[in-house]
Amino acid sequence: MPYLATPTVPAGALRGRDQPHLDLDDVALRPWREDDAPTVKAAFDCPDIQRWHLRRMDSEDEALAWTRGWEVRWALETDASWAVVDHATDVPLGQVGLRTVSLHEGDAQLSYWVLPAHRGRGLAVRAVRGVERWVFGEVGLHRLSLHHSAANEASCRVAAKLGFALEGTLREALVHADGPHDVHCHARLSTDPR
């Protein structure tokens with residue numbers, strides 16, 4: 001179905017529906033819960049995750065606020081985030097989310113991270129594909145973009161595996177702990193062939 005959203009007709013709505021649980025074979029995407037706070041704190045304590053995120057968490061209370069904040073962002077229709085969980089244990093292995101959602105423009109930016117013990121299994125790719133199917137199919141977005149530091153080779157590989165075209169480099173567009181970074185901008189349209 002071609003993209004039909006106009007400034008007066010948004011691509012879809014988030015707050016009018018429950019945040020979905022998306023089944024992806026051996027893993028699933030589910031909304032964050034308060035009992036996930038220790039895992040979130042551990043993720044943001046990971047040096048690899050810290051390297052590519054300016055955000056730090058000094059306490060489990062801060063991680064708890066982070067998990068609770070997604071319900072508010074969902075209601076505001078600005079952002080969404082899911083825990084990537086193992087079917088058997090329901091324990092978070094990573095995160096996939098939408099940032100800067102614009103229903104009127106029909107686009108959003110992707111974010112993801114995977115805990116070190118679960119890397120190398122293709123979790124980021126599978127999680128993004130699940131979200132991509134949902135936002136293009138059910139919500140009606142037209143464009144998903146993925147921005148990452150040009151030095152983050154792992155994210156570049158994920159984008160390539162997903163078929164997100166590299167559209168260009170934004171000079172010093174993200175600030176990390178070590179200063180400004182050039183940013184690769186990848187994107188995929190709902191009309192791109194799979």
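Select Met57 to begin: the residue sits in the loop between H2 and H3, where helices (H or I, at least four residues) and strands (E, at least two) are DSSP runs, numbered from the N terminus. Met57 counts as buried, at 3% relative accessibility; buried means under 20% relative accessible area, exposed over 50%, and partly exposed in between (1.4 Å probe, protein chains only). This is a predicted model, in which local features need pLDDT of at least 70 and side-chain atom pairs count only at pLDDT 80 or more, while totals for chains, interfaces and linings use all residues. Residues are numbered from 1 along each chain as its sequence is written, and side-chain values use heavy atoms, with hydrogens and water left out.

The C-alpha atoms of Met57 and Trp113 are 15 Å apart in space, for residues that are 56 apart in sequence.

Next, show the aromatic side chains. Over the whole structure, a search finds eight aromatic pairs. Rings of Phe, Tyr and Trp (its six-membered ring) pair if their centres lie within 6.5 Å; planes under 30 degrees apart count as stacked, over 60 as edge-to-face and the rest as tilted. One of these pairs is formed by Trp32 and Trp113, and is tilted, with 6.1 Å from centre to centre and 35° between the planes. This pair links distant parts of the chain, since Trp32 lies in the loop between strand S2 (27–31) and helix H1 (37–45), whereas Trp113 lies in strand S5 (residues 107–114), 81 residues apart. Both Trp32 and Trp113 are buried.

Move to Trp66 and Trp70. Their ring centres are 5.4 Å apart and their planes are at 85°, so the pair is edge-to-face. Helix H3 (residues 60–76) holds both Trp66 and Trp70, which are four residues apart, about one turn of the helix. Trp66 is buried at a relative accessible area of 6%, and Trp70 is buried at 4%.

Now select Trp32, Phe44, Trp66, Trp70 and Trp113 together: these residues form one aromatic cluster.

**The largest pocket**

Colouring by element shows where the lining comes from. Two or more residues each are given by helix H2 (47–52), H3, strand S4 (92–102), S5, helix H4 (123–139), strand S6 (143–149), helix H5 (153–162) and strand S7 (165–176). S5 gives the most, with six residues. By class, the lining has 18 nonpolar, 13 polar and eight charged residues. Here Ala, Val, Leu, Ile, Met, Phe, Trp, Tyr, Cys and Pro count as nonpolar, Asp, Glu, Lys and Arg as charged, and the others, Gly among them, as polar.

**Two positive phi angles**

Select Asp25, in the loop between strand S1 (22–24) and S2. Its phi is near 65°, a positive value in a residue other than glycine. Asp25 counts as exposed, at 70% relative accessibility.

Thr100, in strand S4, is the next stop. Although Thr100 is not a glycine, it has a positive phi of about 45°. Thr100 is partly exposed, with a relative accessible area of 48%.

**The cysteines and His186**

Show the cysteine sulfurs. The structure holds zero disulfides, a disulfide being a pair of cysteine sulfur atoms within 2.5 Å. For Cys46, the closest cysteine sulfur is in Cys156, 20 Å away and too far for a bond. For Cys156, the closest is in Cys185, at 11 Å, also too far for a bond. Cys46 counts as buried, at 8% relative accessibility, and Cys156 as partly exposed, at 23%.

Finish at His186, in strand S8 (residues 179–189). His186 counts as buried, at 3% relative accessibility. Its C-alpha atom is separated by 16 Å from that of Leu141, 45 residues away along the chain.
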